[in-house]
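Subject: Handover of a structure

Dear colleague,

Please find the structure below, followed by an account of what was found in it.

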Amino acid sequence: PDRNAVFEGYTIPDDWSYDNAGNINSGFALTGNTLLFTTFLQRLVALDVRDGHELWHVQLPNITMSTPIVANGMVFIGTGKSGVLKRNAMQRVQFAGKDVWGVSGGDEVAAFDLRTGAPRWTFKTVGEDMPSAMYDRGRLIFANGDFHAYALDAKSGKQVWSTDVGGMSTMSNALMAGDVAIFGVCTPHSGGIATESVALDPSDGKLLWRSEYGHCDSTPSYGNGKVFVNDVLPGDMALRKTTIVAALDAQTGKTAWLYSGKSHGLWSIVGSDQVAVAGTYADNTYYQPAPLDDELIAFDANSGKIRWRFHTSGPAKMSPVIKQGRLYIGDVAGMFYTLDTRDGKLLEIREFKKPFSVSPPIAAGNKLVVANGTSVYAIPLTGRPHISERVGWGIVSGSKQQDDM
């Protein structure tokens with residue numbers, strides 16, 4: 001729930017790379033030695049994290065950016081493609097004229113065998129199912145593009161409950177904050193788009209609270225009783241927006257603190273058209289990428305006081321990962337940064353050939369696993385990777401640059 005994907009107990013002997021040939025915008029799941037992710041080639045892929053060789057892949061009916069969820073020997077993913085659904089007459093009545101986010105024929109949430117990739121079950125929906133689900137006590141819970149949140153029995157795929165949440169969830173993964181299920185939603189209206197966070201009881205789908213802060217593109221993060229959300233406000237031009245960050249009480253939805261950027265920043269679709277970006281909670285600090293401002297901001301999680309800011313070369317659209325006092329994050333300029341979490345000081349830059357999108361890195365023992373464009377890499381926590389001749393790396397450490405480009 002804190003979005004800080006650190007896995008201890010792994011020793012990956014060598015650096016490796018895997019080229020999927022399709023863009024990777026999903027997060028990673030790691031269980032045992034199996035690394036899972038989804039791709040724009042409409043695939044769910046399983047690799048051996050020790051050397052990067054493919055164990056299996058499954059072809060899906062649509063693209064997917066959802067992070068795989070693993071429980072009880074099964075892998076769960078959702079598919080989806082951005083776009084307003086052209087609905088038939090029945091659907092127009094069913095959704096009361098709302099602009100459902102989806103494709104003709106609908107989308108699906110599906111379960112597969114973890115060991116082989118064999119299909120287990122499929123659950124069809126009208127709206128797209130790009131947001132990642134969460135697993136809670138035998139149930140798979142998610143919100144999607146048809147203005148609903150769902151709970152499915154994880155073993156059978158049968159619906160347990162469905163709740164109209166009043167908005168569509170485009171890329172906001174489900175969050176379990178203590179005993180509350182939270183989603184970011186957007187509601188189109190004549191004056192623009194209303195953005196919110198919605199909290200439900202995971203046992204029955206009952207609405208617990210709503211907050212005006214949050215976004216259907218941004219996944220909330222959770223730490224020490226607070227839910228941290230990212231939002232944007234429209235500026236004086238279509239691509240100029242203002243960064244908003246809020247900390248909410250997980251039980252009540254009341255705002256604990258609020259940050260509003262001082263100026264309008266320009267939005268870029270490079271890497272991803274996702275407007276708001278999830279942050280990461282670690283050690284009483286909330287780290288929020290602010291792609292409108294080409295910044296990463298570290299907040300005191302209790303007070304909202306800014307501890308430091310770091311200016312990136314381009315927008316950073318991924319959640320960072322934090323391990324042993326170091327923070328790792330990439331931006332759409334292809335720069336991958338290592339920062340000191342105490343003061344935001346730059347420790348190292350590793351340059352990649354392609355933009356970093358929204359797929360966050362994970363720390364697996366002595367390696368970082370990162371997605372860049374169509375490829376996945378296992379690289380050292382610090383220093384020049386052994387696979388540099390395949391990638392083309394430039395490394396800046398302190399003020400001294402080493403360049404093998």
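In β34, S375 is the bridge partner of D19. The strands named here and below are DSSP runs (E, at least two residues), numbered from the N terminus. β2 and strand β34 (residues 375-380) run antiparallel and are joined by four bridges.

Before going further, please note that this is a predicted model, in which local features need pLDDT of at least 70 and side-chain atom pairs count only at pLDDT 80 or more, while totals for chains, interfaces and linings use all residues. Residues are numbered from 1 along each chain as its sequence is written, and side-chain values use heavy atoms, with hydrogens and water left out.

The sheet

β2 and β34 belong to an open sheet of five strands, in the order β1-β32-β33-β34-β2, with mixed pairing. Two strands are taken to pair if DSSP finds at least two bridges between them. The edges are held by β1 and β2 (16-19), each with a single partner strand, so one side of each has no neighbour in the sheet.

The disulfide

How many disulfides does a search of the whole structure find? The search finds one, a disulfide being a pair of cysteine sulfur atoms within 2.5 Å. C186 and C216 form this link, with their sulfur atoms 2.2 Å apart. C186 lies in strand β16 (residues 180-189) and C216 in the loop between β18 (207-211) and β19 (221-223), so the pair ties together parts that are 30 residues apart in sequence. The link of C186 and C216 is left-handed, with -90° about the S-S bond. Are the two cysteines, C186 and C216, buried or exposed? C186 counts as buried because its relative accessibility is 1%, and C216 counts as buried at 5%. Here buried means under 20% relative accessible area, exposed over 50%, and partly exposed in between (1.4 Å probe, protein chains only).

A contact of E348

E348 is found in strand β31 (residues 346-351) and counts as buried, at 6% relative accessibility. The side chain of E348 makes a polar contact with the side chain of T382 (3.3 Å). A polar contact is a pair of N or O atoms within 3.5 Å; within protein, one must be able to donate a hydrogen and the other to accept it, and residues adjacent in sequence count only if both atoms are side-chain atoms. E348 and T382 are 34 residues apart along the chain, and their C-alpha atoms are separated by 7.7 Å.

Two loop residues with positive phi

Q42, in the loop between β4 (34-38) and β5 (43-48), has a phi near 65°, a positive value in a residue other than glycine. Q42 counts as partly exposed because its relative accessibility is 26%. N284, in the loop between β24 (280-282) and β25 (285-290), is not a glycine either, yet has a positive phi of about 60°. At 22% relative accessibility, N284 counts as partly exposed.

Yours sincerely
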